[in-house]
Amino acid sequence: MTVRGVLWLLLFSGAAIGVSGYSVTTSKANVRAEENTDVDLTCSFSGDFGSNILLRWKFKDRKGSQVFVVHDGKPTAPYADRLNVYGGSNLRFSKVTRKDTGVYTCEITSADKTQVGETEVTLTVLVPPSVPFCKVPSSVTTGSTAILSCFDESASPRPTYRWYRNNVLLPDNPSNVAGFKNATYKLNSTSGELKFPAAAKTDTADYYCESVNDAGPAQKCRAMKMEVRDLNTGGIVAGVIVALLLVALLIFAVWFAKKKGYLPAKKESSSKMNQSYQAPPSGGGDDADFTQKSSFVV
């Protein structure tokens, strides 16, 4: 078979299995840049789309919100003063900020809207760690769950977190370290959560957290003490006894007051008044007058 025959066979095979010549690509899928510097995001497409294309760039931030950066070839209002489109489909940012970190999607549509292709570019604006927000419970009951949290919102890329106990670094997997095999805590270096499923008195200590990424030096919050205490059963029992004594004293006081007559018996007084009052006999007016008159005559 000749070379021309092989080429025709390849073309025929590609058409048979539905391979499309429409493609959208980028020369750099992952871009890292320092804050307040200029950044280029590239996007190229095959000639099959034609020269008259529809261009869109979409942006999804770290929280999942999505907006248009470029719509129908023009920067949208929020980006118009610091973004340019060049080369037909590439983007050039002026002074990126930490809010620009996210995934950018370049979408190319043919003029007749029959063909659509896209490619993604991830932009990471480098921001060193800041002092993380740490939350440590000051008092925990023995056997209860204790959760310590750590969070740095501004660091980019997303930081990892390290916890220290009395200035000693806690390993992510304590079972793999000789000095921590009996530890029962669970540490998530991605979310920053340090959890004690059943706190023990030996967990009483000073704790602090560090935020770490490759954009700058690590930052830590101030150390805070967590104290694990036994449940005060004696105090609870004493409180219950005192409450019962107060109730008994109140009942006795009410009984004594009634017995001495300090509390008026309203029902009894009203019933006596009802018994002492008698209505005049009905229809007896004439007889009474007659009796009085008869006695007067005699």
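Tutor: Before we start, a disulfide here is a pair of cysteine sulfur atoms within 2.5 Å. Keep in mind that this is a predicted model.

Student: Which cysteine is joined to cysteine 43?

Tutor: Cysteine 43 is joined to cysteine 106, with an S to S distance of 2.0 Å. That falls within the 2.5 Å cut-off.

Student: Is that disulfide left-handed or right-handed, and why?

Tutor: The S-S torsion of cysteine 43 and cysteine 106 is about -75°, so the disulfide is left-handed.

Student: And where do the two cysteines sit?

Tutor: Cysteine 43 is in the loop between β3 (39-41) and β4 (44-45), while cysteine 106 belongs to strand β10 (residues 102-110), so the link ties together parts 63 residues apart in sequence.

Student: Next one. What is cysteine 134 joined to?

Tutor: Its partner is cysteine 221, with S to S at 2.1 Å. The torsion about the S-S bond of cysteine 134 and cysteine 221 is about -100°, so this disulfide is left-handed. Cysteine 134 lies in strand β12 (residues 133-135) and cysteine 221 in the loop between β20 (216-220) and β21 (224-229), so the parts tied together are 87 residues apart in sequence.

Student: How accessible are cysteine 134 and cysteine 221?

Tutor: Cysteine 134 has a relative accessible area of 10% and is buried. Cysteine 221 has 8% relative accessibility and also counts as buried.

Student: And which cysteine pairs with cysteine 150?

Tutor: That is cysteine 209, again with a disulfide, S to S 2.1 Å. With -80° about the S-S bond, the link of cysteine 150 and cysteine 209 is left-handed. Cysteine 150 is in strand β14 and cysteine 209 in strand β19 (residues 205-213), so this pair ties together parts 59 residues apart in sequence. Cysteine 150 counts as buried at 2% relative accessibility, and cysteine 209 counts as buried at 0%.

Student: What pattern do the disulfides follow along the chain?

Tutor: Counting bonded cysteines along the chain, the pattern is 1-2, 3-6, 4-5.

Student: Switching to charges. How many salt bridges does the structure hold?

Tutor: It holds nine salt bridges. One of them is between the side chains of aspartate 214 and arginine 32, at 2.9 Å from N to O. This pair links distant parts of the chain, with aspartate 214 in the loop between β19 and β20 and arginine 32 in strand β2 (residues 30-34), 182 residues apart.

Student: Is aspartate 214 buried or exposed? What about arginine 32?

Tutor: Aspartate 214 counts as exposed at 53% relative accessibility, whereas arginine 32 is partly exposed, with 46%.

Student: What does glutamate 107 form a salt bridge with?

Tutor: With lysine 58, where the closest N and O atoms are 3.4 Å apart. Glutamate 107 lies in strand β10 and lysine 58 in strand β5, so the pair ties together parts 49 residues apart in sequence. Both residues, glutamate 107 and lysine 58, are buried.

Student: And aspartate 72, which residue is its salt-bridge partner?

Tutor: Arginine 56, and the closest N and O atoms there are 4.0 Å apart. Aspartate 72 sits in the loop between β6 (66-71) and β7 (74-75), and arginine 56 in strand β5 (residues 53-61), 16 residues apart. Aspartate 72 is partly exposed at 44% relative accessible area, and arginine 56 is partly exposed at 29%.

Student: One more residue. Where does aspartate 152 lie?

Tutor: In the loop between β14 (146-151) and β15 (160-165).

Student: Which side chain of opposite charge is nearest to aspartate 152?

Tutor: Arginine 98, which is 7.2 Å away. Aspartate 152 is buried yet has no salt bridge.

Student: What lies around aspartate 152, then?

Tutor: Leaving aside neighbours within four places in sequence, aspartate 152 is in contact with Pro129, Ser130, Pro132, Pro159, Tyr161 and Ser211.

How values were computed. Residues numbered from 1 in each chain as written. Predicted model: local features only at pLDDT ≥ 70, side-chain atom pairs only at ≥ 80, totals over all residues. Heavy atoms only, no water. Helix = DSSP H or I, 4+ residues; strand = E, 2+ residues; numbered from the N terminus. Buried < 20%, exposed > 50% of the residue type's maximum accessible area, 1.4 Å probe, protein only. Lys, Arg positive; Asp, Glu negative; His and termini not counted. Contact = heavy atoms within 4.5 Å.
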